Amino acid sequence: MSFPQNRLRRLRTSPAMRRLVHQTRIDVDDLVYPLFVKDGAGLVEPIKSMPGCSRFSPDTLVTEANDVASLGIPAVLLFGSTSKKDKTGSAAWDEDGSVQQAVKAIKKAVPQLVVITDVCLCSYTDTGHCGIVKDDRIDNDETCHLLAKIALSHAQAGADIVAPSDMMDGRIEFIREALEKNAFHETAIMSYSAKFASAFYGPFRDAADSTPAFGDRKSYQLDPANDRQAMNQISLDIEQGADIVMVKPALPFLDIIYRARQRFDVPIAAYNVSGEYMMINSAADTGSLERDAAIMETLCSIKRAGADIIITYFAKSAAKLLT
Ligand code: PBG
């Protein structure tokens with residue numbers, strides 16, 4: 001059929017008509033809100049590189065988590081940072097570390113909230129790298145042992161999901177084995193599987209104090225040009241025991257989300273990262289675009305590409321817009 005039998009505008013004639021044929025729906029159930037926690041008490045420090053986001057101490061974080069839950073958001077993703085950095089990042093698996101304390105406090109005060117923890121070394125090592133450095137190289141297998149220790153300490157604190165973001169080979173297997181061995185049969189793993197070496201992490205590194213002291217992360221994170229490798233990485237992570245896989249960042253990699261959706265049957269998370277957050281905020285601040293509309297269009301595009309879960313600093317704003 002062609003024009004004039006076919007006029008697609010017939011289905012766009014009124015708000016009700018548009019609602020009727022509206023396809024992709026963002027739901028508050030899709031959202032995860034990232035939160036930053038550091039050692040201390042009574043702290044709420046606005047993050048300069050990410051206006052609207054703050055760093056909390058474990059005690060103040062509970063209030064924030066309550067807020068998040070009351071908006072209907074089902075999950076938070078916790079990132080730790082510390083001033084006690086060393087060669088191996090040992091503060092990361094301290095049972096009294098800020099993340100471990102925060103997990104315990106949130107699970108006690110807001111038990112209905114799913115608590116996900118970022119598992120990585122970059123905020124804890126003196127090099128700022130996601131693995132331990134030996135002879136100027138990142139030692140993969142040794143790092144995997146430490147990542148398993150971190151994940152286990154998070155599970156012991158009560159984390160529902162651990163989320164390794166380091167991009168070492170084999171880490172899912174190491175983590176799954178440690179969890180099973182210690183009877184954490186129900187702790188899920190959300191793997192940052194297709195995590196690209198991206199320029200869009202800039203604002204976050206300031207927030208989590210995790211900028212590498214030398215070099216970059218290209219020897220472990222994916223080359224943005226490589227979609228086949230991303231598929232390979234995701235399938236290996238599923239084989240090793242990941243329950244949820246992630247594509248990160250989201251916007252420059254919507255095709256990866258789409259391909260992963262066609263190919264794999266586990267839930268797919270997409271991380272709308274700090275640089276994507278700041279692109280919209282900076283443009284909205286200067287009046288170049290309308291913030292709320294840009295947020296919802298962005299989240300819609302990520303969901304339309306095939307993501308089931310969207311991790312975003314806009315989660316609270318979006319939840320408010322959705323009600
Ligand atoms: C570190 C980590 C990063 C992010 C999440 N975990 C930064 C990096 O890899 O350098 C980025 C998140 C964001 O930009 O919002 N393991």
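Biologist: Which residues that line the largest cavity are the closest to its centre?
Modeller: In this predicted model, local features need pLDDT of at least 70 and side-chain atom pairs count only at pLDDT 80 or more, while totals for chains, interfaces and linings use all residues. Side-chain values use heavy atoms, without hydrogens and water, and residues are numbered from 1 along each chain as its sequence is written. A cavity is a set of points, on a 1 Å grid over the protein atoms alone, where a 1.4 Å probe fits but cannot get out, and lining residues have an atom within 4 Å of a point. About 250 Å³ of space lies in the largest cavity, and of the 26 residues lining it, the closest to its centre are Phe79, Asp118, Cys122, Ser165 and Phe204.

Biologist: How many cavities of 30 Å³ or more does the structure hold?
Modeller: A volume here is the space filled by probe spheres set on the grid points, which are joined across faces, edges and corners. With 30 Å³ or more required, the number of cavities in the structure is 2.

Biologist: What is the omega of the peptide bond from lysine 248 to proline 249?
Modeller: Proline 249 sits in the loop between strand E10 (244-248) and helix H8 (254-263), where helices (H or I, at least four residues) and strands (E, at least two) are DSSP runs numbered from the N terminus. The peptide bond leading from lysine 248 into proline 249 is cis, with omega near -10 degrees.

Biologist: What is the phi of alanine 183?
Modeller: Alanine 183 belongs to the loop between helix H5 (171-181) and E9. Although alanine 183 is not a glycine, its phi is positive, at about 65 degrees.

Notes: 1 Å grid on protein atoms, 1.4 Å probe; cavity = no way out; pocket = protein on both sides within 12 Å on 5 of 7 lines; lining within 4 Å.
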